[in-house]
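Me: I am new to this structure. Please show me how to read its features, one at a time.

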Amino acid sequence: MKVFYLDDDREELELFRETVEEVDPSIDCFVYSDSKLALRELNSGPSFDLIFLDYNMPIMSGEDCLRVMRQMPHLKSTPIVIYSTGVDEKLKKRLLACGATMVIKKHHTSAELKKFFITSFLAPQPKD
C-alpha cells in the first residue's frame with residue numbers, strides 16, 4: 001500500500017509517517033509540505049492507494065488541491081481524505097461534493113490516529 005499525505009505542518013507529517021510505519025511497516029508513506037511540489041509529483045509520479053490532505057494550508061488549500069487531484073485521470077478513483085483540525089458540517093458537505101472520500105478531524109495522539117487508520121483502512125472489508 002502507498003499512502004500520500006500533504007500538510008504544511010512538519011510535526012503533523014512526522015507524527016503521521018511514524019504512526020503509519022508503526023501500524024504496518026510495509027506501507028510506503030510519502031509526505032509533502034509544499035502543495036505545488038506535491039501536485040507535480042502526483043501528476044508525473046506513481047499512483048497512490050490513499051491520499052490525505054490537510055484543509056488549511058497556505059498558497060493552496062486542501063480544497064483547491066482536491067479539485068486539481070480529481071482532474072488527474074489516474075486519481076479519479078483514489079480515496080482522498082481531508083484531514084483537518086477544524087471540520088464543520090457545511091464544510092464537510094462541500095468537500096464531499098468536490099470529490100473527497102472522507103472528511104475527518106485530525107487525531108491529537110498517535111494512538112488515536114493508529115486506531116483510526118487500522119479500523120478505516122486496514123480492517124477486513126465485508127464481502128458482497
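Predicted model: local features only at pLDDT ≥ 70, side-chain atom pairs only at ≥ 80, totals over all residues.

Me: Let us take helix packing. At what angle do helix α1 and helix α5 pack, and how far apart are their axes?

Reply: Look at two values, the angle and the distance between axes. Helix α1 covers residues 10-23 and helix α5 covers residues 110-122. They pack at an angle of about 55 degrees. Their axes are 9 Å apart. So α1 is oblique to α5. The crossing of the two, α1 and α5, is right-handed.

Me: Which residues of α1 and α5 meet?

Reply: On the α1 side, they are L15, F16, T19, V20, E22 and V23. On the α5 side, they are S110, L113, K114, F117, I118 and L122. Sort this contact of α1 with α5 by class and you get eight nonpolar, two polar and two charged residues.

Me: Let me pick V20. Is V20 buried or exposed?

Reply: Read the relative accessible area. Under 20% counts as buried. V20 has 1%, so V20 is buried. V20 sits in helix α1.

Me: What is V20 in contact with, leaving aside its neighbours within four places in sequence?

Reply: V20 is in contact with I27, C29 and F117. Now compare sequence and space. V20 and K114 are 94 residues apart along the chain, yet their C-alpha atoms are separated by 7.1 Å.

Me: On to charges. How many salt bridges does the structure hold?

Reply: The structure holds five salt bridges. For each one, check the partners, the distance and the places in the chain. Start with K106 and D7, which form a salt bridge. Their closest N and O atoms are 2.6 Å apart. K106 lies in the loop between β5 and α5, and D7 in the loop between β1 and α1, so the pair ties together parts that are 99 residues apart in sequence.

Me: Are K106 and D7 buried or exposed?

Reply: K106 is buried, with a relative accessible area of 7%. D7 is buried too, with 0%.

Me: Which residue besides D7 belongs with K106 in a network of salt bridges?

Reply: D54 does: D7, D54 and K106 are linked in a network of salt bridges. The closest N and O atoms of D54 and K106 are 3.5 Å apart, and the two form a salt bridge. This pair links distant parts of the chain, 52 residues apart. D54 is in the loop between β3 and α3, while K106 is in the loop between β5 and α5. Both D54 and K106 are buried.

Me: What about R67 and E63: how far apart are their closest N and O atoms?

Reply: They are 2.8 Å apart, and R67 forms a salt bridge with E63. R67 and E63 are four residues apart in helix α3, so about one helical turn separates them. R67 counts as partly exposed, at 42% relative accessibility. E63 counts as buried, at 9%.

Conventions:
Residues numbered from 1 in each chain as written. Heavy atoms only, no water. Axes fitted to C-alpha atoms, helices over the stretch in contact; angles between N-to-C directions. Parallel < 35°, antiparallel > 145°, perpendicular 65-115°, else oblique. Left-handed = near helix turned anticlockwise from the far one by under 90°. Contact = heavy atoms within 4.5 Å. Nonpolar A, V, L, I, M, F, W, Y, C, P; charged D, E, K, R; others polar. Buried < 20%, exposed > 50% of the residue type's maximum accessible area, 1.4 Å probe, protein only. Salt bridge = Lys/Arg side-chain N within 4 Å of Asp/Glu carboxyl O.
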